[in-house]
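Have the structure open as you read.

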Amino acid sequence: MSQETSRRWQMLAITVFIGLLVWLLAPVLMPFAIAAMLAYLGDPLANRLERLGLGRTLAVSIVFVVLVLLIAAALLLLVPLIARQIENLVQNFPRYVEWARDTALPWLQTKLHLDPGTFDTDRLVAQFKEHLGSIGSVIGSISRSGFGVMMWLTNLVLIPVVWFYLLRDWDSLVAWIDRILPRSVEPTVAHLARESDAVLGAFVRGQLLVMLALAIYYGVALTLIGISVGPLIGMVAGLLSFVPYLGFITGFAAAIIASLVLHGDWPHLLMVVGVFVVGQLLEGYVLVPRLVGEKIGLHPVAVIFAVLAGGYLFGFLGVLLALPAASVIVVLLRYLAQRYRLSELYTEEGEPDTVIAEVDVKVGQDANGELQADAKVAKVDEPHKP
């Protein structure tokens, strides 16, 4: 085995080992992953303060305190708002059930020609309450479990601690990783890391701002047109907007149902349609081009696949890291595609085939009106016989 082949096998073994280790430790990596994302978001701010003459520890402390205060203020504002919205939804739940039983389900049965007993609302409500009760019992058992409470408290304490230390030592960690890389691949890895950083910066910082802007817009606009659960629908639509069209479809469907239940007239339906049409135009032509740009280049199908695959492999941690990881994979695939186009496998032209048949296929109808294909060999080049 040559030295080059041995080196490639060693690198493959190291890569497989790291991937397997991440997969095995996924249940305990959640606080570290969240802390790393927060440190990544705060590092540019700390670097700017350093360029103004502050020490690294002081700059990191200022950024850390400011971001913690912003997160705490957001939670203090959002938690009561979400609680009021959920209470409003629960109070209006009988109206939603009545609308579904008396309006929506009979319409579906008429249009789809279904058996009247297909949608038994009493049975559906009973099943919903049963599942809701089971979920409540599970949550209650977890909250009463000492181990569950300990894990929650541990994560709550670990996230800010790990976040601070990662933010303080971020540049040192990057330099350490650069030092331990094999010298033969260090230039390539450094180039891909810079490109991945640009893509991740565009996604993480830009997409979070897009989600926040859409949540505020949908929440305020739906409230102004008389949808009492508008803020809740806006938050859900904004949160799901990182998957293309998922936030729009979910929010639009929920707003249409809320409008039919609460008002049941055409003016409110048209206003809901107008709100989401404007929201789509705002997202597609203003927010995404300005805040995210075209650096990521992820197809909507690739985004959906990345989220589902990440959730299946690593649970909530996989969903959290699916799109950042997919963005980095896109960078790697672009690099591999460039290498492939420069390789002999792509550039080397093959020898002309010794047997080439050109077949002329004509499709028509016979006397009975059925399709019929007629294939005729136009030319055959046979190999030269000595």
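## The main core

In this predicted model, the largest nonpolar core has 22 residues, and L222, I227, I233, V272, V275 and F276 have the most contacts inside it. (A nonpolar core here is a set of buried Ala, Val, Leu, Ile, Met, Phe, Trp, Tyr and Cys residues joined through side-chain atoms within 4.5 Å; buried is under 20% relative accessible area, exposed over 50%, partly exposed in between, with a 1.4 Å probe and protein chains only.) Two or more residues come from each of α3 (56–112), α7 (186–224), α8 (230–239), α9 (246–262) and α10 (266–292). A second, separate core of eleven residues includes A39, V60, W163 and L167.

Take V275: leaving aside neighbours within four places in sequence, V275 is in contact (heavy atoms within 4.5 Å) with Y217, Y218, A221, L222 and I225.

## A look at T223

T223 sits in helix α7 and is partly exposed, at 41% relative accessible area. Its side chain reaches the backbone oxygen of G219 at 2.7 Å. Beyond neighbours within four places in sequence, T223 is in contact with G230 and P231.

## The whole chain

Of the 386 residues, 26% count as buried.

## Ground rules

Residues are numbered from 1 along each chain as its sequence is written, and side-chain values use heavy atoms, leaving out hydrogens and water. Local features need pLDDT of at least 70 and side-chain atom pairs count only at 80 or more, while totals for chains, interfaces and linings use all residues.

How values were computed: Helix = DSSP H or I, 4+ residues; strand = E, 2+ residues; numbered from the N terminus. Polar contact = N/O pair within 3.5 Å; in protein donor to acceptor, adjacent residues only side chain to side chain.
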